[in-house]
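My notes follow in the order I made them.

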Amino acid sequence: MTTEPLSHLQRTLTRELPQHEGRTVRLQGFLHARRDLGGVQFLVLRDRSGLAQCVGSGLTLPLPESSIEVVGRVKAHAKAPGGFEVAVESLRVLTAATQPPPVEIPKMEWNVNPETMLDYRVVTVRGLKERAALKVQAELVAGFRDHLMTEGFTEISTPKIVSAGAEGGANLFPIDYFGRPAYLAQSPQLYKQIMVGVFERVFEVAPVYRAEEHATSRHLNEYLSLDVEMGFIESEEDVMDLETRLLAAITTRLRERAGDEFKLLGSTIPDVPARIPRITLLDARQLVAEKYGHAVGGKDLDPEAERLLSQHYAETEGTDFVFVTKYPRAARPFYAHPDEGELTRGFDLLFRGIEITSGGQRIHDHAMLMESIAAYKLNPESLAGYTEVFQYGMPPHGGFAIGAERLTAKLLGIANVRYARAFPRDRHRLTP
């Protein structure tokens with residue numbers, strides 16, 4: 001073991017080893033796993049690109065997860081990760097771990113309490129499956145941004161400290177804002193509508209906050225919202241068409257850049273049809289009642305109805321996606337554009353049995369908006385900063401929002417959405 005850096009060698013990533021067969025390389029990463037077999041040491045080094053098996057003798061190995069540097073010669077080895085291994089010439093400990101990790105990071109499955117995995121998230125997030133899920137989410141978000149920019153959208157950033165809720169509900173986190181009441185934003189909805197009057201097409205990637213006392217596998221109190229709003233539309237059909245193109249672009253990127261992560265997690269990337277099927281809420285409720293004998297109460301689809309409706313379209317049309325349209329006003333916020341009777345031009349998108357998107361056309365007429373605020377029994381003064389823009393010629397517009405963690409979880413078959421976020425926040429968890 002040496003303590004002197006070999007600065008003349010540039011760092012090589014583990015995924016680059018096939019390009020350096022027969023050469024001496026310098027690797028830096030974490031001691032992922034180690035074995036000592038009678039004086040011959042096997043160690044696996046993990047860096048941001050993957051794993052590399054290294055073999056040496058007479059080495060003093062630190063605890064797992066220590067930061068290390070390995071210098072050695074690359075040679076082909078069929079059983080090593082990636083088909084190559086490194087014969088260690090020197091090993092340098094950059095930072096030694098002072099205690100073993102709470103779980104065995106190299107194992108693909110950890111037989112520990114799920115809460116323990118979250119209690120020690122600062123370490124467990126290093127697991128191969130855990131970081132694979134976050135890599136997929138990063139590529140998903142990048143694909144979201146990239147495609148929208150090709151369609152003429154502008155990225156915006158809106159306040160997360162607000163004076164009133166965007167949806168008029170009570171699920172707000174109150175904060176003390178220099179002695180005045182304020183709240184954490186539950187949605188950028190009102191601001192992104194205002195910005196349609198500036199750029200016509202806008203999007204935002206940012207956290208939102210919902211003070212709902214959920215205890216389900218599909219909800220978080222802080223999550224990453226992927227928000228879209230576009231102006232000069234004919235109807236909500238334009239918005240659904242946009243989302244279809246967007247999802248197709250995202251899944252194409254995932255195939256190109258995250259295929260290894262999907263393979264590791266045993267998941268498949270869905271095909272997005274040229275036109276995602278659409279069914280009205282009333283017809284959807286009738287379908288699940290008649291075909292599956294499931295009666296839906298309330299004003300929306302319950303989780304079982306979402307699952308059954310998705311099952312129907314998977315069986316009959318071979319798709320994991322379905323839009324549910326024409327929601328009643330009672331199930332939509334005040335800004336939803338009315339349609340015939342008590343219906344709205346709002347929609348949800350279901351994917352593999354769960355809602356991943358809520359969207360629709362918004363009210364753009366000032367008089368109609370004020371009538372809707374009154375009908376919902378909201379305080380118009382608290383919304384004055386939003387409603388005033390509609391006196392200055394807002395175009396017909398609409399949009400939607402996707403929960404990044406929920407979509408990631410459904411893409412990868414992760415049962416609980418908390419494990420699709422690096423550091424989740426639910427009603428019981430404020431750390432780490």
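**Entry 1**

I began with strand E7 (residues 161-162) and strand E9 (residues 180-184), which pair in the antiparallel sense over 2 bridges. I noted the rule for pairing: DSSP must find at least two bridges between two strands. Strands are DSSP runs of E with at least two residues, helices are runs of H or I with at least four, and both are numbered from the N terminus. Val162 stands opposite Tyr183 in E9.

I then took the other partner of E9. Strand E8 (residues 173-177) pairs with E9 over 5 bridges, in the antiparallel sense. Here Ile175 stands opposite Ala182. E8 and E9 form a hairpin with 2 residues between them. Phe178 sits in that turn and has a positive phi of about 55°.

**Entry 2: basis of the model**

I am reading a predicted model, in which local features need pLDDT of at least 70, side-chain atom pairs count only at pLDDT 80 or more, and totals for chains, interfaces and linings use all residues. Residues are numbered from 1 along each chain as its sequence is written, and side-chain values use heavy atoms, with hydrogens and water left out.

**Entry 3: the whole chain**

I counted up the secondary structure: 11 helices and 16 strands. The C-alpha trace spans about 80 × 55 × 40 Å along its principal axes. Of the 432 residues, 50% count as buried, meaning under 20% relative accessible area with a 1.4 Å probe, protein chains only. For contacts with a separation of 6 or more, residues 24 or more positions apart account for 65%. Contact means heavy atoms within 4.5 Å.

**Entry 4: the barrel**

In which order do the 5 strands close into a barrel? I read E1-E2-E3-E5-E4, with mixed pairing. Neighbouring strands of this sheet are turned by 55° against each other on average, direction ignored.

I went through the pairs. Strand E3 (residues 50-57) and strand E5 (residues 84-95) are parallel over 3 bridges, and Cys54 has Val86 of E5 as its bridge partner. Strand E4 (residues 67-76) runs antiparallel to E5, joined by 10 bridges. One of the partners there is Phe84 in E5, for Ala76. Strand E1 (residues 24-37) is joined to E4 by 7 bridges, also antiparallel. Phe30 is bridged to Ser67 in E4.

H3 packs on the sheet and touches E1, strand E2 (40-47) and E3. The direction of H3 makes about 20° with that of E2. Such angles run from 0 to 180 degrees between N-to-C directions; axes are lines fitted to C-alpha atoms, for helices over the stretch in contact.

**Entry 5: two helix pairs**

I checked H3 (residues 128-150) against helix H11 (residues 404-412). Their axes come within 10 Å and cross at roughly 120°. H3 and H11 are therefore oblique to each other. The contact is made by Ala133, Val136, Gln137 and Leu140 of H3, with residues of H11 including Ala404, Glu405 and Leu407. By class I find 7 nonpolar, 2 polar and 1 charged residues.

Helix H7 (residues 281-292) and helix H8 (residues 303-317) pack at about 80°, with axes 10 Å apart. H7 and H8 are therefore roughly perpendicular to each other, the term for 65 to 115 degrees; under 35 is roughly parallel, over 145 roughly antiparallel, and the rest oblique. Among the residues in contact are Leu287 of H7 and Leu308 of H8.

Technical notes. Ala, Val, Leu, Ile, Met, Phe, Trp, Tyr, Cys and Pro count as nonpolar, Asp, Glu, Lys and Arg as charged, and the others, Gly among them, as polar.
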